[in-house]
Amino acid sequence: MFENVSMKDLEEGRKYLMSGSVGGGLPVLIESGRGSVIQDIHGNEYIDCTSQAWTYNIGVGHPKVIEAVTEQVQKITHVRTSFETVPKLLLLKKLGEIAPADLKKISFCLHGSVANESALKLAITNNPHGMKFLAPFENYSGRTLATIAASWPYHPISRLFAPYMEHYVRVPNCYCYRCPFTLEYPQCGILCAEYVKTMLERGVEPVIALILEPMQASGGMIPPPEGYLKRIREICDEFGILLIFDEVQTGFGRLGAMFACELYNVYPDILTFGKAIGGGFPLAGVMQKETLKPPEPATDSFTFAHFPVSFAAACATLDVIREENLLERAKKMGDYFTSRLKKLKNIYELIGDIRGPGLMIGIELVKNRKTREMANDVCHQIVKDSVADGVIFGESKFKGMGNVLKIKPPLVISETQADRVLEVFEKHIKKHTERLAEK
Ligand SMILES: Cc1ncc(COP(=O)(O)O)c(C=O)c1O
């Protein structure tokens with residue numbers, strides 16, 4: 001269908017695009033991909049450390065996914081949510097078997113934001129006396145009207161939506177490298193968690209739930225220090241508020257465990273998932289504790305939510321994660337990257353902090369290790385320049401965090417590809433180090 005496309009036609013099309021997407025601006029017109037590599041329309045190849053918004057955990061175009069999807073599209077592509085299909089029931093079985101702890105009731109939709117909206121509604125259903133939600137600073141839970149409110153409230157773009165954000169109260173995040181209380185872990189006594197307790201004790205508004213990413217991704221790539229999530233769980237229990245883990249990014253292997261809650265051994269009441277589950281097809285959803293009241297169907301139903309093509313892709317994706325031992329692989333390759341990056345940190349002052357775990361790597365770049373002045377411009381330039389070297393890095397552009405470079409490739413990335421990524425990263429870090437030294 002797209003064989004005889006002219007550049008002029010494409011240019012014409014580009015003119016009509018409404019703005020609004022993020023992470024763009026790189027001159028790559030994608031045509032195809034396999035594994036950890038994507039290819040542009042001119043045949044140039046790039047190792048993709050963004051996994052296309054952190055979705056291709058099993059790699060681009062996995063043959064098993066392609067096979068499952070091809071079979072499904074030939075049968076039927078859309079079925080209303082009130083009907084059953086074989087892929088739907090099989091996926092429920094597979095997910096039910098791996099769902100952590102007692103989070104065994106599952107619903108579906110097509111976007112992480114919508115899954116989070118469902119989780120918020122579910123929390124209201126189960127805690128109808130509350131009025132407010134809690135969310136950490138720079139949390140990211142999506143961009144629908146309700147979830148943008150749980151995302152970056154202090155970014156100028158969010159000001160516009162501020163009137164709709166009044167159901168959220170922000171709590172400090174567990175950002176040890178830039179502690180909101182300027183304390184040091186563990187002497188801090190995990191004050192960021194204790195602060196939540198103080199708020200619940202002294203705040204006047206009843207709280208429904210606390211929503212957080214067990215590893216805060218878009219807002220800085222911030223893993224929780226040991227003990228933080230456990231303390232948060234205890235505090236939520238003490239005050240009878242529900243705990244929602246947004247595992248849209250962390251689910252399905254990226255941290256070296258199927259879910260972050262398993263890695264950290266702390267379990268929420270409600271867990272949301274998305275992104276990687278679909279193996280490149282849209283799918284998201286909610287897992288809730290069996291003891292919670294389920295939502296009324298009329299409060300949570302979407303036309304395309306039970307998309308059988310995505311269900312078939314997700315069944316294949318879960319099989320691939322298991323058969324190819326990708327949890328182990330994420331751990332192994334994550335260690336490979338981080339140990340090499342730590343060596344680079346000993347050489348280059350620009351590298352302020354390296355965070356994991358698994359293939360959820362954030363490199364915080366600073367102009368000065370003592371002052372920790374953020375090197376946003378360096379980060380942005382490295383991401384831009386690396387494209388010409390065949391590597392696409394991720395970048396955290398939002399408030400205060402624009403200095404975090406992300407390495408979150410498909411879990412199937414090979415050592416040779418990892419070496420190339422590190423080689424390109426070092427080339428550019430070296431160049432910027434020399435440039436800054438000349439100033
Ligand atoms: C942690 C987290 N939650 C929710 C979302 C929103 O997912 P979606 O873009 O599929 O709506 C994202 C997307 O980046 C995310 O990273």
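Residue numbers start from 1 along each chain as its sequence is written. In this predicted model, local features need pLDDT of at least 70 and side-chain atom pairs pLDDT 80 or more, while totals for chains, interfaces and linings use all residues, and side-chain values use heavy atoms, without hydrogens or water.

**Exercise 1.** Find which residues of the largest nonpolar core touch the most other members.

Solution. A nonpolar core is a set of buried (under 20% relative accessible area, 1.4 Å probe, protein chains only) Ala, Val, Leu, Ile, Met, Phe, Trp, Tyr and Cys residues joined through side-chain atoms within 4.5 Å. Among the 82 members, pick out Leu 95, Phe 252, Phe 393 and Ile 407. Next, look at helix H11 (308-323, a DSSP run of H or I, at least four residues); with nine residues, H11 gives the most to this core. Finally, zoom in on Leu 95: leaving out residues up to four places away in sequence, its contacts (heavy atoms within 4.5 Å) include Ile 106, Phe 108 and Phe 252.

**Exercise 2.** Work out which residues lie nearest the centre of the largest cavity.

Solution. On a 1 Å grid over the protein atoms alone, a cavity is a set of points where a 1.4 Å probe fits but cannot get out, and lining residues have an atom within 4 Å of a point. The search turns up two cavities of 30 Å³ or more. Take the largest, with about 90 Å³ of space. Of its 15 lining residues, Cys 176, Cys 179, Leu 183, Cys 188 and Cys 192 are nearest the centre.

Technical notes
Buried < 20%, exposed > 50% of the residue type's maximum accessible area, 1.4 Å probe, protein only. Helix = DSSP H or I, 4+ residues; strand = E, 2+ residues; numbered from the N terminus. 1 Å grid on protein atoms, 1.4 Å probe; cavity = no way out; pocket = protein on both sides within 12 Å on 5 of 7 lines; lining within 4 Å. Points joined across faces, edges and corners; volume = space filled by probe spheres on them.
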